[in-house]
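The sequence and the model are shown first, and the description follows.

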Amino acid sequence: MSVKSSVLRHGRLVVGTALAAAVITGGTIGVAAAATGDHPVVPVAAAAPAAPAAVAAQPPAEQPPEGARAIVKIDPNPAAPGGDITLTGNCGGGKGLKKVIGGFPGHQILKDIKIVDANPDAFKATAKVTTKVGNGVGPVMVDCDGEAGVTLLVTHTPAAGE
């Protein structure tokens, strides 16, 4: 394999990974914002004068599509390889937490996953970050039997002496 083709292949891998992380992050932030309802509300008395009829009113915030409404949070995040983490969240209308997946097929970042409470309104699970990961970002997904959710786990190897 020539140096040029090796650089191109690795460049595509980096760009593809960065693009996937951006899509996941954007979706996660959008899901989190829509689920929390933290949208500013302008009081009627403080509202600006009525706009001309030609200017359309801003549409209400869209909900995530059905099947992608579960919310998942990781604590601590960032986490150290080999460290324990706790996953909490809600199923966004799903029937209850069924499965937690960390990483990609063949590149798992979580092990010893245990569902402590599958309650659809407030689930809880624990896991250990594998020691085979270094510094980086990886997806953590939950299956709530009808709804799914995803967030990113940041891994950070502590500096010597920490």
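A residue counts as buried when its relative accessible area is under 20%, as exposed when it is over 50%, and as partly exposed in between. The structure described here is a predicted model.

**Backbone features**

Asp145 has a relative accessible area of 34%, and therefore it is partly exposed. This residue lies in the loop that runs between strand E7 (136–143) and E8. The phi angle of Asp145 is near 50°, a positive value in a residue other than glycine.

Asp112 also has a positive phi, near 50°, although it is not a glycine. Asp112 belongs to strand E5, which covers residues 110–117. Its relative accessibility is 47%, so Asp112 counts as partly exposed.

Pro76 is found in the loop between strand E1 (71–75) and strand E2 (84–90). Pro78 is likewise placed in the loop between E1 and E2.

**Thr155**

Strand E8 spans residues 148–155, and Thr155 is part of it. With a relative accessible area of 8%, Thr155 is buried, because this value is under 20%. The side chain of Thr155 reaches the backbone oxygen of Gly134 at 2.5 Å. Leaving aside residues up to four places away in sequence, Thr155 touches Ala79, Val129, Val133, Gly134, Asn135 and Gly136.

**The nonpolar core**

Which residues have the most contacts inside the largest nonpolar core? They are Ile85, Leu87, Val100, Leu110, Val140 and Leu153, in a core of 20 residues. At least two residues of this core are supplied by each of E1, E2, strand E6 (123–129) and E7. E6 gives the most to the core, with four residues.

Not counting residues up to four places away in sequence, Val100 touches Leu87, Leu110, Ile113, Ala125, Val140, Met141 and Val142. Among these neighbours, Leu87, Leu110 and Val140 are also listed with the residues that have the most contacts inside the core. In soluble globular proteins, nonpolar side chains tend to be buried together.

Terms used: Residues numbered from 1 in each chain as written. Predicted model: local features only at pLDDT ≥ 70, side-chain atom pairs only at ≥ 80, totals over all residues. Heavy atoms only, no water. Buried < 20%, exposed > 50% of the residue type's maximum accessible area, 1.4 Å probe, protein only. Polar contact = N/O pair within 3.5 Å; in protein donor to acceptor, adjacent residues only side chain to side chain. Contact = heavy atoms within 4.5 Å. Core = buried A, V, L, I, M, F, W, Y, C linked by side-chain atoms within 4.5 Å.
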